[in-house]
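Subject: Structure handover

Hello,

Here is the structure for you to look at. My notes follow below it.

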Amino acid sequence: MPQKVAKIETGFSGRHPALWAIAFAAALGAIAYCEHRGFLGGWRSLPFVAAATLFLFPLTKAANNRQAAAGALSPATRRYNRRMLIWNLGYVLCLGIAMTARNYLHPQGALLWGIAVLPSVPMIFFVWALARYVVEEEDEYLRYRQTSAALIGLALVLLAGTLWGFMETFGVAPHVPAWWVVPVWAIGLGLGQMIMASAERRADRT
């Protein structure tokens, strides 16, 4: 069994999840930069966003392997990771449909409202998945760890949103769309998980 675990950890999907997360964030950052420079935009960005989304598959598997090696992959955690992957894919799909419909159908009225709301629909599943994990997780420490990481993500959103909001109000920062709240929270969640893991390692050494 130890040899099997070691083999999994050194495989393609056994790389540290943070590496895949950085690759995913870097890809999205590059797409955003190209859109800002006018190289991409609208439906032209969709293939690149879809390609960047492929990083989520090895990211999810690497997270499962990492958690399994640490003895922290409970059935509830495995389901949560799978649901997060489904949510990300659903978000990209709904966003692609909405952008394509806007660019080709030029909707007006109620249809335009529906298309504008469509990318937000997967957020219902996202919130449900978070709530289900708290309910389904039987290990109190794992539940505490995930909740703490989520609170760190929330703290980052509150701090970044308040800071940027005042900078924008006083005219020293450009406007940022509100849908950036979720990516910022996800970054904070990842940082929170890293902080919790680091605290565990320090506790083990003592």
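Y80 counts as buried, because its relative accessibility is 5% and the cut-off for buried is under 20%. The model is a predicted one. Y133, at 4% relative accessibility, also counts as buried.

The ring centres of Y80 and Y133 are 5.2 Å apart and the planes stand at 50°, so the pair is classed as tilted. Y80 belongs to helix α5 and Y133 to helix α7 (residues 122-136), so their pair ties together parts that are 53 residues apart in sequence.

W87 and F126 form another tilted pair, with 4.5 Å from centre to centre and 40° between the planes. Here W87 is in helix α5 and F126 in helix α7, so this pair ties together parts that are 39 residues apart in sequence. Both W87 and F126 are buried. They also belong to a cluster, in which ring pairs link W87, Y91, F126 and W185.

The other item is helix α3, which covers residues 46-53. Its buried residues are L46, V49, A52 and T53. Viewed down the axis of α3, the buried residues fall within an arc of 125°, so they line one face of the helix. What do the buried residues of α3 pack against? They pack against α2 (17-37), α4 (56-69) and α5 (75-105).

Regards

Conventions: Residues numbered from 1 in each chain as written. Predicted model: local features only at pLDDT ≥ 70, side-chain atom pairs only at ≥ 80, totals over all residues. Heavy atoms only, no water. Buried < 20%, exposed > 50% of the residue type's maximum accessible area, 1.4 Å probe, protein only. Helix = DSSP H or I, 4+ residues; strand = E, 2+ residues; numbered from the N terminus. Arc of directions from axis to C-beta. Contact = heavy atoms within 4.5 Å. Phe/Tyr/Trp six-rings, centres within 6.5 Å; stacked < 30°, edge-to-face > 60°.
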